[in-house]
Amino acid sequence: MSIPPPFPDFPDLARSLMLLKNKLDQQVKDFEKDAQEIRQYYSPRAKFERWKVTEDGKLWKEKQHKRQEGCCDECKIRIEIKGSHIDHIQPLSKFPELAIDVKNLRLLCPDCNIRKSNKYLP
């Protein structure tokens, strides 16, 4: 008949459990950090920022500048392509599904875009 192995004493068991808990806590923190990075990557703002530097985004901006005859869509002053702002007519903060919907985009001068902020001005 074999003798069962002795149970670890309570202090050793408690130490082992604390080490395991600390390791799990760190893994949870790492997971939460990864999840936050994934959420940020797929956020509407990030999606828009990536789109506007693509060939499609740059081409849209050139064509929109011509459609608007080189003028701010709000105050009608002349604007250059470089330095003009792409504005979300319906604000991105309130309509995230329209992040890269070109029907919801227009070019504004920096002053008008800053003044508009996240308001909807039809």
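Residues are numbered from 1 along each chain as its sequence is written, and side-chain values use heavy atoms, with hydrogens and water left out. As the model is predicted, local features need pLDDT of at least 70 and side-chain atom pairs count only at pLDDT 80 or more, while totals for chains, interfaces and linings use all residues.

Start with the cysteines. The structure holds zero disulfides, a disulfide being a pair of cysteine sulfur atoms within 2.5 Å. For cysteine 72, the closest cysteine sulfur is in cysteine 112, and at 3.8 Å that is too far for a bond. Cysteine 112 is in no disulfide either. Its nearest cysteine sulfur belongs to cysteine 109, 3.6 Å away. Cysteine 72 is buried, with a relative accessible area of 1%. Cysteine 112 is buried too, at 4%. Here, buried means under 20% relative accessible area, exposed means over 50%, and partly exposed lies in between (1.4 Å probe, protein chains only).

Now turn to serine 43. This residue sits in the loop between helix H1 (10–41) and helix H2 (44–52). Helices (H or I, at least four residues) and strands (E, at least two) are DSSP runs, numbered from the N terminus. Serine 43 is partly exposed, at 21% relative accessibility. A polar atom of its side chain lies 3.2 Å from the backbone nitrogen of alanine 46. Alanine 99 is 56 residues away from serine 43 along the chain, yet their C-alpha atoms are separated by 9.3 Å.

Salt bridges come next. The whole structure has nine of them. Each is a side-chain nitrogen of Lys or Arg within 4 Å of a carboxyl oxygen of Asp or Glu. In helix H1, aspartate 25 and lysine 21 are four residues apart, about one turn of the helix. Their side chains meet in a salt bridge at 2.5 Å, N to O. Aspartate 25 is partly exposed at 34%, and lysine 21 is partly exposed at 41%.

Helix H2 holds another pair. Arginine 45 and glutamate 49 form a salt bridge at 3.7 Å, N to O. They are four residues apart, so about one helical turn separates them.

What does the salt bridge between aspartate 87 and lysine 116 tie together? The pair meets at 3.1 Å, N to O. Aspartate 87 lies in strand E1 (residues 85–88) and lysine 116 in helix H4 (residues 110–116), so the bridge ties together parts 29 residues apart in sequence. Both residues are buried. Salt bridges that share partners join Asp73, Glu74, Lys76, Asp87, Arg106 and Lys116 into one network.

Terms used
Polar contact = N/O pair within 3.5 Å; in protein donor to acceptor, adjacent residues only side chain to side chain.
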